[in-house]
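This briefing concerns the structure shown below. The points that follow are grouped by topic.

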Amino acid sequence: MMTMEKTQRIIEVVVKGSPENCRMRRTVIAGLLLAGSTTAALAADPAAGEKIFNAQCGICHAVAAGENRVGPTLFGVVARPAGSVPGFNYTADHKKLGITWDAANLDKYLANPRAMVPDTSMVYAGLKNDAERADLVAYLETLH
């Protein structure tokens, strides 16, 4: 993993290059930026997410297929259309959400459920910490 200091030094060297190397400079800088965002995405830890799930979500949600509790099972939640677990009584807003759960939608929902589904019956204020939310989503992605 590249440290921020090393990245800054590489950028300084590249930026001070000659005008003829302009295209190369842009390519290197774009690559470094892309590598930084990819590293952040890869840093999500499903094991840490499982701990968050157990502490904050497991009270109301099961991870076993077909096992609904106060909330629907989260087994297979990633790639599942919202409001589609058989036997669970969703609110009207949740039924008409019209999305399929993926990492981006789960991240948005878990940050502030009521902002996305105003009449949600989920009494959860949201997980404000971006890294913890990424860990939780990474864990949910393993449930299939």
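Cys57 is buried, at a relative accessible area of 9%; buried stands for under 20% relative accessible area, exposed for over 50% and partly exposed for the range in between, with a 1.4 Å probe and protein chains only. The model is predicted: local features need pLDDT of at least 70, side-chain atom pairs count only at pLDDT 80 or more, and totals for chains, interfaces and linings use all residues. Residues are numbered from 1 along each chain as its sequence is written, and side-chain values use heavy atoms, with hydrogens and water left out.

**Cysteines**

- The structure holds zero disulfides, a disulfide being a pair of cysteine sulfur atoms within 2.5 Å.
- Cys57 takes part in no disulfide, and the nearest cysteine sulfur, in Cys60, lies 8.8 Å away.
- That distance is too far for a bond between Cys60 and Cys57.
- Cys60 is partly exposed, with a relative accessible area of 29%.

**Largest pocket**

- The volume of the largest pocket is about 550 Å³.
- A pocket is defined on a 1 Å grid over the protein atoms alone, as an open set of points where a 1.4 Å probe fits, with protein on both sides within 12 Å along at least five of seven lines; lining residues have an atom within 4 Å of a point.
- Grid points are joined across faces, edges and corners, and the volume is the space filled by probe spheres set on the points.
- The lining has 32 residues, of which His61, Gly71, Pro72, Tyr109 and Met122 are the closest to the pocket centre.
- At least two lining residues come from each of α3 (46-57), α5 (103-111) and α7 (130-140); helices are DSSP runs (H or I, at least four residues), numbered from the N terminus.
- By residue class, the lining comprises 22 nonpolar, nine polar and one charged; Ala, Val, Leu, Ile, Met, Phe, Trp, Tyr, Cys and Pro count as nonpolar, Asp, Glu, Lys and Arg as charged, and the others, Gly among them, as polar.

**Aromatic pairs**

- Three aromatic pairs are found in the whole structure; rings of Phe, Tyr and Trp (its six-membered ring) pair if their centres lie within 6.5 Å, and planes under 30 degrees apart count as stacked, over 60 as edge-to-face and the rest as tilted.
- Phe53 and Tyr139 form a tilted pair, at 5.5 Å centre to centre and 50° between the planes.
- This pair joins distant parts of the chain, with Phe53 in helix α3 and Tyr139 in helix α7, 86 residues apart.
- Phe53 is buried at 3% relative accessibility, and Tyr139 is buried at 8%.
- Trp101 and Tyr109 also form a tilted pair, with ring centres 5.2 Å apart and planes at 55°.
- Trp101 is buried at 5% relative accessibility, as is Tyr109 at 7%.

**Salt bridges**

- The whole structure contains four salt bridges, each a side-chain nitrogen of Lys or Arg within 4 Å of a carboxyl oxygen of Asp or Glu.
- Arg133 bridges to Asp107, the closest N and O atoms being 2.7 Å apart.
- This pair connects distant parts of the chain, with Arg133 in helix α7 and Asp107 in helix α5, 26 residues apart.
- Arg133 is buried at 7% relative accessibility, whereas Asp107 is partly exposed at 28%.
- Asp107, Asp130 and Arg133 are linked in a salt-bridge network.
- Arg69 pairs with Glu67 in a salt bridge, with the closest N and O atoms 3.3 Å apart.

**Backbone**

- Ala79 has a positive phi of about 80°, although it is not a glycine.
- Ala79 lies in the loop between α3 and α4 (92-95) and is exposed at 60% relative accessibility.
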